[in-house]
Amino acid sequence: MSLDEEYTAYVSGRLSWLRKIAYPLCQDWHRADDLVQTAITRLYVKWRQARAADDLDAYVRTMLVRVFLAEQRRSWFSRVRLTATLSDRPAEGGDRDLIMDINRALAAVPARQRATLVLRFHCDLSVEQTAHALGCSTGTVKSQSARGLATLRSLLDAPESRLARTEES
């Protein structure tokens, strides 16, 4: 099998998985697609190196998260907001109102903390794996997780959140 065929087979099989990681990071399906596209383009350029990685999925997940964080740092992103609405796609099972509240709150968490929370709790990575993906120390992951969770809790406890209204009843 040629390198291009290997790359195509890998990307075809992992595309939906990458989108499921990208969406919680950016809270927009179109932007998630853009993040994934950028990551798989970079993967193509580095395919020879990437295919030799011990854990190819971890390598690609790290690329995706770093694409997201790099985009957050760019100045144009702070000036231009393409959309402020949540996805109109139905949530998979569970309490849809609760999921919308959580997504809304997660979107308000700072980018680095959001990336840490997504890797730790959505991707179920260890502190060490998250630190490797983000290129930081385990202590940074722990502090970003704690701060991100505190921010998320305060947003979910806010009076305007549906979650807070339910608990008061």
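User: What end-to-end distance does helix α9 (residues 138-156) have between its end C-alpha atoms, and what span should it have?

Analyst: This is a predicted model. Helix α9 has 19 residues, and at 1.5 Å a residue these should span 27 Å. The end C-alpha atoms of α9 agree with that, being apart by 27 Å.

User: Which residues of α9 are buried, and how are they arranged when seen down the axis of α9?

Analyst: Buried here means under 20% relative accessible area. In α9 this applies to Val141, Gln144, Ser145, Gly148, Leu152 and Leu156. Seen down the axis of α9, these buried residues line one face of the helix, because they fall within an arc of 105°.

User: Which exposed residues does α9 carry on the face turned away from its buried side?

Analyst: Exposed means over 50% relative accessible area. On the face of α9 turned away from the buried side, the exposed residues are Lys142 and Arg153.

User: Which residues of α9 meet α6?

Analyst: On the α6 side, the residues taking part are Asp101, Ile102, Ala105, Leu106 and Ala108. Leu152 and Leu156 are buried residues of α9. The residues of α9 that meet α6 are Leu152, Leu155 and Leu156.

User: How many of the 12 residues of helix α7 (residues 111-122) are buried?

Analyst: The buried residues of α7 include Arg114 and Arg120 as well as Leu117, Val118 and Leu119. Helix α7 is largely enclosed by the rest of the structure, because the buried count among its 12 residues is 9.

User: Which helices do the buried residues of α7 pack against?

Analyst: Among the buried residues of α7 are Ala111, Gln113, Ala115 and Thr116. The buried residues of α7 pack against α1 (3-26), α4 (56-73), α6, α8 (127-134) and α9.

User: Which residue with a positive phi follows α7?

Analyst: The phi in question is near 60°. The residue that follows α7 with this positive phi is Asp124.

User: How many helices and strands does the protein chain have, and what percentage of its 169 residues is buried?

Analyst: The secondary structure comes to 10 helices and 0 strands. Of the 169 residues in the protein chain, the buried share is 40%.

Methods. Residues numbered from 1 in each chain as written. Predicted model: local features only at pLDDT ≥ 70, side-chain atom pairs only at ≥ 80, totals over all residues. Heavy atoms only, no water. Helix = DSSP H or I, 4+ residues; strand = E, 2+ residues; numbered from the N terminus. Expected span 1.5 Å × (residues − 1). Buried < 20%, exposed > 50% of the residue type's maximum accessible area, 1.4 Å probe, protein only. Arc of directions from axis to C-beta. Contact = heavy atoms within 4.5 Å.
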